[in-house]
Amino acid sequence: MGHVLWSWHLHWHSVGLEQTCHRQGRYNYSPSSASNVLHARNRGGLGVCNVSYSEGRRAQPDSLVDASQVQQQLTEAAAFGDIDACIYLLNHDKYNKRMKMNDGLLKKIVSTCYERNVPEKALLIVQSLQTRHPKYFSILMKECLKKKDLEGLDRVLEGRRKAGFEPDAYTHTARITALGATRQSVAAVAQLRIALRDVKCRTVEVFNAAVSACGVCKDWAGAEHVWLMLEEYKVEPDVVTYNSMIKAAGAAGRMED
């Protein structure tokens, strides 16, 4: 069982599994695979929350004064990397509609999820936000690309679609890039063909991603094929296109091309 105590003061240092604040409070954390219990007390005027997690069932807080206090707790939880507390507060029946998380804190907690190898919780946090926006899913997509996690990216893209956002040039580009990173140039070119079904996705950036994916895979024939498709769809190449073609040729040992 994990235990977390927090107050709202700065100046922290870490000693083993305990982080101690030098002012009026402390933040103690010990990880647990099954549950996480947040204990708090109202002492010395410090506002705190009493929360428990057990097998997916969340007990009601003993004392939550108002939405602003809960918002502060969410901010502190995100700053300290307390993933389960963030999920709990974002889904609280009484306060969830008022909870917000700025982009900086969201990026921080999402990054923490990937560092701890729990990407599914990062997706859950984004899905729990009251404001839906494609940029929140983009934060997840960037983490997946950083880790070359194609399966994780597909889960994020499915979650994005369920949230009401249809695939666009950006999502197709991300998937093409991920396929290249996992050495699947044929699948990357196939993804390009899927993207081209949508007129709005016939951008030079999508083609560039496909050329780059073929270059990573040392697939010069694939890069040439993408170039022919670019000409077929009358998309004007840019400096990135030419650079990507040169890199693809070099990677395949075809510098004469």
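Buried here means under 20% relative accessible area, exposed over 50% and partly exposed in between, with a 1.4 Å probe and protein chains only. The model is predicted: local features need pLDDT of at least 70, side-chain atom pairs count only at pLDDT 80 or more, and totals for chains, interfaces and linings use all residues. Residues are numbered from 1 along each chain as its sequence is written, and side-chain values use heavy atoms, with hydrogens and water left out.

**View A. Aromatic pair Phe207 and Tyr233.** The structure holds 3 aromatic pairs (rings of Phe, Tyr and Trp, the latter by its six-membered ring, with centres within 6.5 Å; planes under 30 degrees apart are stacked, over 60 edge-to-face, the rest tilted). In one of them, the ring centres of Phe207 and Tyr233 are 6.5 Å apart and the planes stand at 50 degrees, so the pair is tilted. Phe207 is buried, at 0% relative accessible area, whereas Tyr233 is partly exposed at 31%.

**View B. Helix 7 against helix 9.** Helices are DSSP runs of H or I with at least four residues, numbered from the N terminus. The axes of helix 7 (residues 169-181) and helix 9 come within 8 Å and cross at roughly 5 degrees (lines fitted to C-alpha atoms over the stretch in contact; angles run from 0 to 180 degrees between N-to-C directions). Contacts (heavy atoms within 4.5 Å) involve residues including Thr173 and Ile176 of helix 7 and Ala209 and Ala213 of helix 9.

**View C. Helix 2, residues 83-90.** Of its 8 residues, 7 are buried, so helix 2 is largely enclosed by the rest of the structure. Among the buried residues are Ile83, Cys86 and Tyr88.

How values were computed. Helices (H or I, at least four residues) and strands (E, at least two) are DSSP runs, numbered from the N terminus.
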